[in-house]
Amino acid sequence: MSIKTTDERFIAHTYKRFDIAIAAGEGSICYDDNGKRYIDMTSGIGVNAFGYADPVWAEAVTNQAKLLQHTSNLYYTAPCAELAEILCTRTGMSKVFFSNSGAEANECAVKVARKYASEHKGAEYYNIITLNKSFHGRTLTTLAATGQAAFHEKFTPLTEGFLYAEPNDIEGLRKLVAEHKVAGILIETVQGEGGVNALSPEYVKAVEAVCKENDIIFMVDEVQTGNGRTGKLYSYMHFGVQPDVVSTAKGLAAGLPMGATLMSEKVADVLSYGDHGSTFGGNPVCAAAAISVLNRMDEAFLAEITEKGKYIKERLTAAGFEVSGLGLMIGIKTKKPVSEVLAACIENGVLCLSAKEKLRLLPPLNIPMDLLKEAVDKIIEALG
Ligand SMILES: *Cc1c(COP(=O)(O)O)cnc(C)c1O
């Protein structure tokens, strides 16, 4: 049987796959099982920060795999401790909880906000405000957090206590906070799945202010925007704010499953023994991968991400397209249906993503300029 037939026979049909079986990759290039070459502008949805089979990443992973792959969280391991220290040092946060995915990182964030509120304001302060068009994950709690009714249908009842505010509407947010007992506010500074919509800087600042005034936990979902994607290590750093909780995953271990929830001094000790756990959380191989990722993301590297993002924006704007996003997280308003553009990109040997009605680009953060130029040429052709 072909890969496609076997897959469709035995794997639950939750993913509408493109008609491509990716067989191998190197850096920003991958090959399908017929040997066709593609420039990858997806990074496996913002995961492969250094592209496919990056040698530095692969060495960090294989060295750790040969030494110690897993111990359970009953014991200390060096990679886990070292990674937590790096994350805290580079963000000013105080403590980290490790998990395996974005949804889990957000679950932990919600638990932190609720426990803090329960201890400081009362158990009835359990509400979490998120934004319309947000995306926070697929578990029943993170689906509830996701402000898109279409994802909720047929899975109700979801976790209770989620309220939705309109992005960039400060007055609306203040009204919700005044009318409900709120534990936390969770935002993406640039909504990824929702259509690569960046929040206005005034709004992000206002969310922080509303949280401070009302002793509400200010949480930023950096699952997609984090780990260099927007040209800062974490996207909140563009906005001059300091969240109480930051969740991240996708690019953190550049292709291995790892989630992290970062907690500021204010909430550092909210979770105590027995409050939360994850069998695989902080896995040494994933942690070793993440250490190698973060150690390469210095200021010069982040500046290159910003430059490459500018290059893409300038080329597409000059070609007459409206572009949104930050750094190497880019949305493009298409003139023909995005599905047609994606198909034309595949024809041209470029893999791209969509986000709602937009074309979305999340290339490897280290994509070389010559490949980026080739990809943009082909994308502009496909956009028509
Ligand atoms: C992808 C994503 C998630 C969910 O991450 P998973 O690893 O699929 O659970 C949550 N939040 C944002 C902003 C995302 O982009």
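How do the residues of the shell around the ligand divide into nonpolar, polar and charged? The shell holds 3 nonpolar, 6 polar and 3 charged residues, where Ala, Val, Leu, Ile, Met, Phe, Trp, Tyr, Cys and Pro count as nonpolar, Asp, Glu, Lys and Arg as charged, and the others, Gly among them, as polar. The model is predicted, so local features need pLDDT of at least 70 and side-chain atom pairs pLDDT 80 or more, while totals for chains, interfaces and linings use all residues. Residues are numbered from 1 along each chain as its sequence is written, and side-chain values use heavy atoms, without hydrogens and water.

**View 1. Residues around the ligand.** The ligand is surrounded by Ser-101, Gly-102, Ala-103, Asn-106, Phe-135, His-136, Gly-137, Glu-188, Asp-221, Val-223, Gln-224 and Lys-250; a residue is included if one of its heavy atoms lies within 4 Å. Helix 5 (residues 102-120) gives the largest share of this shell, 3 residues. Helices (H or I, at least four residues) and strands (E, at least two) are DSSP runs, numbered from the N terminus.

View 2. Of the 380 Å² of accessible area that the ligand has on its own, the protein covers 82% (Shrake-Rupley method, 1.4 Å probe; for residues, only the protein chains shown count as cover).

**View 3. The contact between domain 1 and domain 2.** Domain 1 comprises 3-54 + 298-383 and domain 2 comprises 68-294, with bounds from an automatic or database domain assignment. Each domain gives 26 residues to the contact (heavy atoms within 4.5 Å).

**View 4. The cis peptide bond at Pro-157.** Thr-156 and Pro-157 are joined by a cis peptide bond, with omega about 0 degrees. Pro-157 sits in the loop between helix 7 (149-152) and strand 6 (162-165).
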